[in-house]
Amino acid sequence: MKPAIDTVIFAETPEGIAIALRAAGFPVRCCAFLIDGAIRYVVFFSIAEVLAQGGRMGIGLMLIVAFFVIWLYPVIFELMPAAATPGKRLLGIKVMMANGLPLTPAGSLIRNLLRAVDMLPLAYGFGILAMLLRPDARRLGDLAGGTLVVYRDQTPPAGDFGVGEPMPPPFALTARQQAAIARFAWRAPRLTAERAEEIAALAAAVVPGSKPPAASRLIGIARWQHGQRRTVVQDTAGRS
């Protein structure tokens, strides 16, 4: 079985644009849930103390408030521009559609109403199990609603490669090889140095030389094939 390498996943928008998303895992989502739970607890019991003075009518209103606080609290905040509850905003994560588009009202409603299933059999057992087993950490509500929880950090735009001096490839590359090297160079800034070298080692046949760092050589080839050759040209001129 192939192990999960990182939490970066790729989604394709209806326009055919591929975007990289960094899925938020169980630990950060659990912390956000606890923060939101504390906020809801304070809000509900503050209102409940006032409504408790109203007798039966107050109790009826209290049940309505409880429904809104428990079930619609996340929906209201997720449909705001930030697409995140206060807990999620504090920890730098948000909710969006799994295809990379902004969250829709239907998606938010489904993912939150399906918490009733994620809660089973006890203490969000099904939801936690689904998040731990999937590389994109989607619980059952996310799967049903077509949603995904991701970090808010922006991914580097196309052409924003990692560190590496432009250098020509040792031989002519196919279009597929060029695309693979470019994708690696775009992702390199989001990888650890160790992981970048591990991936670059898989392209040993393309990377000239045998000594590390292979990652910077791949990035150099990506820069070269995208026209960033000024440094190499200057160095060649200087040697002559």
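Colleague: Leaving aside neighbours within four places in sequence, which residues is Ser 108 in contact with?
Modeller: Keep in mind that this is a predicted model. With those neighbours left out, Ser 108 touches Val 75, Glu 78, Leu 79 and Leu 103.

Colleague: And is Ser 108 buried or exposed?
Modeller: Ser 108 is buried, because its relative accessibility is 0%. You'll find Ser 108 in helix 4, which covers residues 105-113.

Colleague: OK, new topic. Which residues touch the most other members in the largest nonpolar core?
Modeller: That core has 14 residues, and the ones touching the most other members are Ile 181, Phe 184, Ala 196, Ala 200, Ala 215, Leu 218 and Ile 219. At least two core residues come from each of helix 8 (175-187), helix 9 (193-201) and helix 10 (214-225).

Colleague: Which helix gives the most?
Modeller: Helix 10, with six residues. There's also another core apart from this one, with eight residues, including Ala 24, Val 28, Val 95 and Leu 103.

Colleague: What about aromatics, how many pairs are there?
Modeller: Five aromatic pairs. Take Phe 44 and Phe 45: their planes are at 80° and their ring centres 5.2 Å apart, so they're edge-to-face.

Colleague: Are those two buried or partly exposed?
Modeller: Phe 44 is buried, at 19% relative accessibility, because the cut-off for buried is under 20%. Phe 45 is partly exposed at 40%. Together with Tyr 41, Phe 44 and Phe 45 make one aromatic cluster.

Colleague: Last one: which ring does the charged end of Arg 22 sit over?
Modeller: The ring of Tyr 151, 4.2 Å from its centre.

Notes: Residues numbered from 1 in each chain as written. Predicted model: local features only at pLDDT ≥ 70, side-chain atom pairs only at ≥ 80, totals over all residues. Heavy atoms only, no water. Core = buried A, V, L, I, M, F, W, Y, C linked by side-chain atoms within 4.5 Å. Buried < 20%, exposed > 50% of the residue type's maximum accessible area, 1.4 Å probe, protein only. Helix = DSSP H or I, 4+ residues; strand = E, 2+ residues; numbered from the N terminus. Contact = heavy atoms within 4.5 Å. Phe/Tyr/Trp six-rings, centres within 6.5 Å; stacked < 30°, edge-to-face > 60°. Lys NZ or Arg CZ within 6 Å of the ring centre and 35° of its normal.
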